[in-house]
Amino acid sequence: MMKGTITSEVIGFILIVFTMITFFTVMLPKFLSTIIELFGKTSAENVARQLAGFITISGSASYKIDIDYLPSRDVSYSFSIKSRNIIIKPEFKVSYAEKASSTQPFAINLTEYGQEGVNHFFITKKIDGESSYEFKAKKEE
Amino acid sequence: MVKALMSSRQKKKSKGLIISLSLILGSLFVIAVIGLIFWIFVSRILEVHVAVDEYTNERHAINLANLLLSSEKIVYEKEGKLMRGILDAEKLDKIFSREDSFSVANPIDIGIGYPNSITIVRILDLESCSASGDCKGWAAVLAGPTSLEGLSMTKFISCLSEHVKLDVGSIFRWAVGGILMGLWQPWDLKNCVQNTIPASIKSLFTNSEISSEGFPVLIKYPNSDLHLGRMSVAVGEFL
């Protein structure tokens, strides 16, 4: 009777340990990685960095370039462009995340402009004697 | 009676065995869980932070160089098309300064440059270099708009020019003893940052091979000669 109790308890422990190890080594990293990836893609800092980079690098096109960037369909942003800086603010549903905004610099002249509730960004550069740049955004469902 | 006593002793022995096995397994499990949590957080979260924050300044220098390599302000045009990477010597003469007239104190605005930053662009004609490494070329200081409170780019540039003017030759020197010459010296920057920039403002300056070695370019002269050259871009940013 006692021998049986010990064996079942040990087997139980081993099963729990095995399950937990599988959870911590396979499932949790995947879950965490998905959360981090999602947060990384949609965070204000990442979106602002990407946009500032795209705006600057659009200038390296020697004829014409169109860049469109959709970081996420689920998260909307408000943005403003001022003094070669882009300020991005995500419109998260949770109140504590609303204040997380990011300002990133870019290196060309863009008209001062701002918009709210958008998630799809368009950057266009054309050369017609001189380089001209256009930045637009809209809400994509 | 004796049998009952023996049986009770055996039970006690078995109970001790169960407790110690459970304790050992439990402890091992707790250690494993703590170790795993530590490993997951260190490996995943640390990786994200490093990827986001590293080398912003160097990336900006690369972006600026790419922008300049396609800018109609300095690039050679043929039949209305910009020839990326081929610089027009006539355009350079109009916008940039030659080695005999360059001064850090005279920044120019060509609509290219990061805000709250100073950029030194150097273009060297490598086919004109002397045996001592001095080359002919062009240089310019590009200034972007300033939006940081308390930051005076004029003061900083003025300080930098006081130090760099003694050493202008080094800007047009490609290499000395096989070592590529950088556009600015760390001791000049440190001195000027300490004296002219408020302590609350963070300063970042490019200091890698990208800014020293530069990008390969061709320089097109009015007589149709094409010379091999290098364009270096050094960026100093204030955050």
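In the predicted model, strands β2(A) and β3(A) form a hairpin in which two residues lie between the strands, and Ser83(A), located in the turn, has a positive phi of about 50°. The two strands, β2 spanning residues 77–82 and β3 spanning residues 85–90 of chain A, pair in the antiparallel sense over six bridges, and within this pairing Ile81(A) has Ile86(A) of β3(A) as its bridge partner. Strand β2(A) is also joined to strand β5 (residues 113–118) of chain A, with which it runs antiparallel, through four bridges; here the bridge partner of Tyr77(A) is Val118(A) in β5(A).

Between the chains, 31 residues of chain B are in contact with 34 residues of chain A. On the side of chain B that touches chain A, the elements giving two or more residues are α1 (2–53), α2 and β2 (81–88) of chain B, and the largest share, 14 residues, comes from α1(B). The residues of this side of chain B comprise 19 nonpolar, nine polar and three charged.

A contact between helices of the two chains involves α2 (residues 44–58) of chain A and α2 (residues 56–68) of chain B, whose axes come within 8 Å and cross at roughly 25°. Because angles under 35 degrees count as roughly parallel, α2(A) is roughly parallel to α2(B). In this contact, Gly53(A), Thr56(A) and Ile57(A) of α2(A) meet Asn63(B), Asn66(B) and Leu67(B) of α2(B), and the residues involved divide into two nonpolar and four polar, with no charged residue.

Methods: Residues numbered from 1 in each chain as written. Chains lettered and ligands numbered in written order. Predicted model: local features only at pLDDT ≥ 70, side-chain atom pairs only at ≥ 80, totals over all residues. Axes fitted to C-alpha atoms, helices over the stretch in contact; angles between N-to-C directions. Parallel < 35°, antiparallel > 145°, perpendicular 65-115°, else oblique. Contact = placed C-beta atoms within 7 Å. Nonpolar A, V, L, I, M, F, W, Y, C, P; charged D, E, K, R; others polar. Pairing = 2+ DSSP bridges.
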